[in-house]
Every structure is written in C-alpha cells, then in structure tokens.
Amino acid sequence: MNYIKEKILEAKEALRYEINILSTEESERVRASVEKKYVKGMPALFLWDSHLTLSYTSSNKNSWQWLDEFIHEETILFFDRKRELDFFQIPKNQSISKLIEELNIDEFYLTNQSLDYLFAGTDTANLIAAGSACDWFEKRDKEEQERLQKVN
C-alpha cells in the first residue's frame with residue numbers, strides 16, 4: 001500500500017506542493033460519507049465500479065486535464081482501500097491536474113471537505129464526475145467532443 005503514498009510524497013517534492021495526510025478517523029469519516037452520499041446500493045470493491053448516483057462518465061483519456069477548470073478549493077485525494085488507506089489534503093491554488101499527471105495513476109478520487117462533488121478516475125482512464133461536478137463535466141466533455149469533430 002505504501003507505493004501510492006511514496007508516489008504522492010515524491011510528487012509533493014517535485015511540484016513543491018503542500019500536501020497533508022488526514023488522520024485515520026477523518027479519512028474513514030470522509031470515505032463513509034462519500035459512500036453514503038454517492039453510492040446507490042452496496043459499494044463495489046472499487047468505488048468507481050459502484051453505481052454512482054447522478055454521475056457522468058467521460059471516455060476522453062485527457063479529461064483529467066480539465067480538473068483545474070472546476071476545482072478551485074482545498075481538495076481531498078484518496079484511493080480504494082486495497083490501494084491506499086491514507087487520504088491526502090491538497091490546499092487550494094495547487095494544480096490538481098499537474099498532481100495527477102505527476103502521479104501517473106489512473107484510479108483515484110477527488111472531493112472537497114463538504115463532499116459537494118466527486119471525481120473518480122478508473123482503471124481504463126475514464127473519469128467520472130458526480131454531485132455538483134456532474135453537469136459541468138458533461139457539458140465540458142460534449143464541448144470537447146464537438147471541438148474534436150470540427151478538427152477531424
């Protein structure tokens with residue numbers, strides 16, 4: 001499990017970011033609250049594989065690059081239990097897109113302290129948005145599809 005934590009600490013140094021690790025209690029509170037708010041039915045082994053309520057999935061492999069267009073506040077980065085137990089708090093004004101690029105990890109989750117939104121990166125490089133990010137993400141994805149159609 002320490003593999004992801006090590007990658008985050010390496011990225012923290014490379015990007016000169018401030019990243020804090022949440023307490024075990026706070027991490028479990030956030031995980032339970034995310035599951036309660038966003039998962040319909042029982043959570044799957046991988047949260048992104050659960051039935052996420054009011055969500056939109058983009059198959060654009062570069063959609064993670066749009067995260068900074070939506071996220072402008074302190075962010076919580078976390079992973080499925082089998083991959084990493086620690087939750088990481090990223091202060092506002094630090095590029096989430098740059099961090100995801102530096103980590104080079106497909107499976108991840110992002111939310112804020114009040115759980116207004118959830119982004120879920122999948123093992124197939126899809127990105128899922130739920131909560132307040134859902135409508136914005138769907139619109140952004142469709143705009144990108146239209147742009148790409150015009151180019152081709």
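Reader: Which residues point one way from strand E6, which point the other way, and are they buried or exposed?

Author: Tyr 117, Phe 119 and Gly 121 point one way from E6, while Leu 118 and Ala 120 point the other way, and all are buried. Buried means under 20% relative accessible area, exposed means over 50%, and partly exposed lies in between, with a 1.4 Å probe and protein chains only as cover. E6 is therefore mostly covered, since five of its five residues fall in the buried class.

Some ground rules come before the neighbours. The model is predicted, so local features need pLDDT of at least 70 and side-chain atom pairs count only at pLDDT 80 or more, whereas totals for chains, interfaces and linings use all residues. Residues are numbered from 1 along each chain as its sequence is written, and side-chain values use heavy atoms, leaving out hydrogens and water. The names of the elements come from DSSP runs, numbered from the N terminus: helices are H or I with at least four residues, and strands are E with at least two. Two strands pair if DSSP finds at least two bridges between them.

E6 covers residues 117-121. It belongs to an open sheet of seven strands, in the order E1-E4-E3-E5-E6-E7-E2, with antiparallel pairing. The edges of that sheet are E1 (20-21) and E2 (55-58), each pairing on one side only. In general, strands of a sheet pair through backbone hydrogen bonds, either parallel or antiparallel.

On one side of E6 lies E5, joined to E6 by four bridges in the antiparallel sense. Within this pairing Thr 111 faces Leu 118, and Phe 108 faces Gly 121. The hairpin of E5 and E6 has five residues between the strands, and in it Leu 115 takes a positive phi near 60°. E5 (residues 108-111) is also covered on both faces: Phe 108 and Leu 110 are buried on one side, and Tyr 109 and Thr 111 on the other.

E5 in turn pairs with E3, antiparallel, over three bridges. There Thr 111 has Ile 76 opposite it. Ile 76 also stands opposite Gln 89 in E4, and three bridges link E3 (residues 75-78) with E4 (residues 88-90), again antiparallel.

The other partner of E6 is E7 (residues 127-131), paired in the antiparallel sense over five bridges.

Leu 54 sits in the loop between helix H2 (24-38) and E2. With a relative accessible area of 73%, Leu 54 is exposed, whereas Leu 118 in E6 is buried.
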